[in-house]
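Please look over the model shown here before reading the points below. They go from single residues to the chain as a whole.

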Amino acid sequence: RHAAGQQSRGVHCAIWPAAWKLIDTLAQLDSTSSKGLWKSKRVLELGSGTGIVGMCAALLGAAATVTDLHTDVLQTNVRQNSITGP
């Protein structure tokens, strides 16, 4: 998938190692749940940067809200990855 501005300067364009760990944890929790754990949850990601964690939560079924000071990168990533709101 796309990540706008990955080569751009600024921390809002980086995907940090902690984000990958959190994504793995969200997916593992979902896979061990018989009901699809995230389908009934609301997720708020503050300081989302690229928005990758919130987008993954949305793909798992959560109603995700992502926020960041630099909304241009965030909006581009959400749009390019075809993530829509509830």
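1. A residue is called buried when its relative accessible area is under 20%, and exposed when that area is over 50%. The model is a predicted one. With these cut-offs, Ala19, Ile23, Leu26 and Asp30 of helix H1 are buried. Because the four cover an arc of only 60 degrees around the axis, they lie on the same side of H1.

2. As for the buried residues of H1, H2 is included in what covers them.

3. The length of H1 can be checked. The helix has 16 residues, so at 1.5 Å a residue it should span 22 Å. Its end C-alpha atoms are 23 Å apart, which agrees with that expectation.

4. Which residues form the largest nonpolar core? It has 9 residues: Ala19, Ile23, Leu26, Trp38, Val43, Ile52, Val53, Ala57 and Ala62. At least two residues of this core come from H1 (17-32), and at least two come from H2. In soluble globular proteins, nonpolar side chains tend to be buried together.

5. Trp38, one of the core residues, deserves a separate look. Leaving aside residues up to four places away in sequence, Trp38 touches Leu26, Leu29, Asp30, Val43, Leu60, Gly61 and Ala62. Among these, Leu26, Val43 and Ala62 are also listed in the core.

6. Strand S1 covers residues 42-45, and its side chains alternate.

7. In which sense do S1 and S2 pair? The pairing of S1 with S2 (residues 63-66) is parallel and has 4 bridges. One of the residues involved is Arg42, whose bridge partner in S2 is Ala63. Between the two strands the chain passes through helix H2 (residues 52-59), and this β-α-β crossover is right-handed.

8. Finally, the whole chain. It contains 3 helices and 2 strands, and from the N terminus on the elements follow the order α-β-α-β-α. Of the 86 residues in the chain, 33% are buried. Taking contacts between residues at least 6 apart in sequence, 45% join residues at least 24 apart.

Note on methods
Residues are numbered from 1 along each chain as its sequence is written. This is a predicted model: local features need pLDDT of at least 70, side-chain atom pairs count only at pLDDT 80 or more; totals for chains, interfaces and linings use all residues. Side-chain values use heavy atoms; hydrogens and water are left out. Buried means under 20% relative accessible area, exposed over 50%, partly exposed in between (1.4 Å probe, protein chains only). Two strands pair if DSSP finds at least two bridges between them. A crossover is right-handed if, with the strands pointing away from the viewer, the path from the first strand over the helix to the second runs clockwise. A nonpolar core is a set of buried Ala, Val, Leu, Ile, Met, Phe, Trp, Tyr and Cys residues joined through side-chain atoms within 4.5 Å. Contact means heavy atoms within 4.5 Å. The expected span of a helix is 1.5 Å times one less than its number of residues. The arc is that of the directions from the helix axis to the C-beta atoms.
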